[in-house]
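Subject: Structure for your review

Dear colleague,

Please find below the structure that I would like to hand over to you. My notes on it follow directly after the sequence and coordinates.

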Amino acid sequence: MKIGELSKSQSLKSVRIILSLTLFLAILIPDKIYDLSSMTEWNWVFPFALYLSVYILIGYDVLFEAFMDIIHLKPLNENFLMGVATIGAFSLAIYNGINGKPTEGFDEGCAVLIFYQIGELFQEHATEKTRRSVSELMDIRPDHANLVSNGETVKVSPENVKIGDRVVVYPGERIPLDGRIVKGSSSLDMRSLNGESMPITAMVGDTVLSGSINLISSLEIEVDKEFYDSTASKILELVESAADKKSKTERFISKFARIYTPVVVFLALILATVPPMFMGNYGEWIHRSLSFLVVSCPCAIVISVPMTFFVAIGVCSKNQILVKGSEYLEKLDNVGVFVFDKTGTLTSGEFSIDGAYPENRAEEIMRLASIAEQNSSHPIGRSIIQAYKGNIEKGYVLENRVGLGVVATRDDDIILCGNTQLMELYGIEFKGEDPHEGNIHVAHNGQYIGMVIVSDKIKSASESAISTLEKMNVKSVMFTGDREEIAKKVAESVGISEYKASMLPQNKLSELEKLMENEEKSGRSVCFLGDGINDAPALMRAHVGISMGSIGSDAAIEASDIVLMEDDIGKLPLAKRIAQKTVRIAKENIIIPLAIKIGILILSSLGITNMWMAVFGDVGVAILAILNSLRVYKIK
Amino acid sequence: MKKIYKLENLGCANCAAKMETGIKKLKGVTDASISFMTSRLTIEADEKDMDDIIDNAQQIIKKIERKCRIVK
């Protein structure tokens, strides 16, 4: 949709509104003071002609659309109903005029259309503005690529770049497509992708993601993913498609809207026909029923509820929280228990050596492990070397078994140092089974010696996140495969009272299901948080699955409902807060307009209010609801 | 299969809801959704029926909002 086109029609509409409002007041004020119908010999025809000119100026498009609705047999469209209401008001006034009675109704007909158009204009404008501002919040779309062809660079649209093409990214530009650096080195700002404020260094051979900004010097990149498949496009698509997955509230609104209009129109018909059968005075009852038609469009609700969720998704994206559907915000609001998978969420996944087990052989375990790991480039291996204070024996042949560990041999002396699979491969029997996969086991000449206990560092934000959640009346539970002692230590230091240790992957799922069953009894839901690497089943099974810091991992994003792009658990309370306020505002946007509409219906049927009040209340509450939904922008 | 289309000149939220209901009822459509805020139409249906469904969906949309069009 072209914005230029729309603002042109919007400005035309605003000119029409101002013009007709001025004209209207210029007619209405003298009419109310002097009564225009008594001023000329044409009686009521004089004011009628004046009001009619305003009516046509403000309403020609509404009347045209109403006419088209009749042709298409869609009598419950809003243009048609507004047309009937206002033409009805005019007809009643003409009828009264012919019969020599006072001609009220011309002003009402005009006022209804003027306010209706003001409401329409406001809605269009607010919608457009929201659409634009939400896409600005998600500002990672690359607008061009500098394609290298025949030794020159040509500016092209990123869609036209193919796998294997080379593109140049100048300093200050956004990387348009995912690829590998083939020339140059620079610093990259990846803040909009993962929230990381420190730039990262990128050199030849490094993989780079679209959406990051090149800071220092030009890079030449060989593209390895097409635009639609690149990181930036995928994130944008995720946010765009989030609005398709509608929340329960939105689905309820669609259903409600379907019955609301027919019911109100039906009531209007009854009001216009039944009471006058007994009491007479058809004119008065028809007049009252016209107010019903004025409030028969549920627009205020239908527009402001999706807008609330849409703005919320945008605000989340701005905070590097990707929400894959409005429905997940609703579910997050309803979460009573957060389940944290320890590694990668509460702890950083960076390693530190916590000693050895069994403790009486600690010196021997560390000495042997150091021999095996002395040339290691693996972070755990390096941590072991750092932790061991003694001398490291030389002269061993070190064989690195990828994914398993290291085998060190000197003559017939053999040291095995690695994970449980390495031990099994060599037929080593080891007791004290330890399900924590991070630990490093050591065997010497076929004998199991013990293990180096590896733990990962607790994230600094974990503790405050947990305590904030507690204040929000949400329970936190930690799941881990680690031994009881380690689990207890981590749980205590982050302030989680409930934890489950020594869990095998399949236990995680069944424990999660137990918690879910329990929460469902009280109508609440369970959210599972993981890093998405080996907890995909739990992420998918939970009512809401949140993965952390998983940008670039398609599988993790696929498995989760919400993605914290930044590896910052501190964003979790914010996400929960946004969800809570969004749902509350959405509910307000249903209840308040509905209450006002019902109020208007009651007062009009009693003849206390007229069409002036009806249109004023209806448009006013629509504007109020939209402004209310924009409050979501302010959530911090 | 799932297909996503942009809608041009979708001006009224209530109409979007009506279109969605209408399209959902079309033969062969497993699910359909229109997001007013993003002007997106998502249709899930069998691939062989897709072309017919899109034509019918366009008819429904046009009846509800005259200027609204599916961008192909």
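I begin with the contact between the two chains. Between chain B and chain A there are 13 residue pairs in polar contact, with both residues of each pair at pLDDT 80 or more. Please bear in mind that this is a predicted model. On the side of chain B that touches chain A, the elements that contribute two or more residues are β1 (2-8), α1 (13-24), β2 (29-35), β3 (40-45) and α2 (50-64) of chain B. Of these, α1(B) gives the most, with six residues.

In terms of residues, 24 from chain B are in contact with 28 from chain A. The two chains bury about 2300 Å² between them, and 52% of that area is on carbon and sulfur atoms. Six salt bridges are found across the interface of chain B and chain A. In a salt bridge between A:E65 and B:R66, the side chains meet at 2.7 Å, N to O.

B:T38 may also be of interest to you. The residue sits in the loop between β2 and β3 of chain B. Leaving aside neighbours within four places in sequence, B:T38 is in contact with A:E240, A:A243, A:D244, A:F310 and B:K6. With a relative accessibility of 5%, B:T38 counts as buried, because the cut-off for that class is under 20%.

Salt bridges

Over all chains, the count of salt bridges comes to 37.

The partners fall into opposite classes of accessibility. A:K32 is exposed at 53% relative accessibility, whereas A:D107 is buried, with a relative accessible area of 7%.

Because A:R166 lies in strand β3 (residues 166-169) of chain A and A:E222 in strand β9 (residues 219-223) of chain A, the pair ties together parts that are 56 residues apart in sequence. Both count as partly exposed: A:R166 has a relative accessibility of 35%, and A:E222 has one of 25%. These two residues also belong to a network of salt bridges that links A:R166, A:R180, A:K183, A:E220 and A:E222.

A nonpolar surface patch

Which residues form a nonpolar patch on the surface? They are A:I259, A:V263, A:F266, A:L267, A:I270, A:V274, A:M277, A:F278, A:M279 and A:Y282, with about 1000 Å² of accessible area together. Helix α7 (residues 248-279) of chain A supplies the largest share of the patch, nine residues.

A buried serine

The last item concerns A:S462, which is found in helix α15 (residues 462-471) of chain A. A:S462 is buried, with a relative accessible area of 0%. Apart from neighbours within four places in sequence, A:S462 is in contact with A:T345, A:L346, A:V494 and A:I569. A polar atom of the side chain of A:S462 lies 2.8 Å from the backbone oxygen of A:L346. The C-alpha atoms of A:S462 and A:D568 are separated by 8.6 Å, although these residues are 106 residues apart along the chain.

With kind regards

Notes:
Residues numbered from 1 in each chain as written. Chains lettered and ligands numbered in written order. Predicted model: local features only at pLDDT ≥ 70, side-chain atom pairs only at ≥ 80, totals over all residues. Heavy atoms only, no water. Patch = residues over 30% accessible without salt bridge, like charges linked within 9 Å, V, L, I, M, F, W, Y side chains within 5 Å. Areas by Shrake-Rupley, 256 points an atom, 1.4 Å probe, with all protein chains shown as cover. Salt bridge = Lys/Arg side-chain N within 4 Å of Asp/Glu carboxyl O. Helix = DSSP H or I, 4+ residues; strand = E, 2+ residues; numbered from the N terminus. Buried < 20%, exposed > 50% of the residue type's maximum accessible area, 1.4 Å probe, protein only. Contact = heavy atoms within 4.5 Å. Buried area = accessible area lost by both parts, 1.4 Å probe. Polar contact = N/O pair within 3.5 Å; in protein donor to acceptor, adjacent residues only side chain to side chain.
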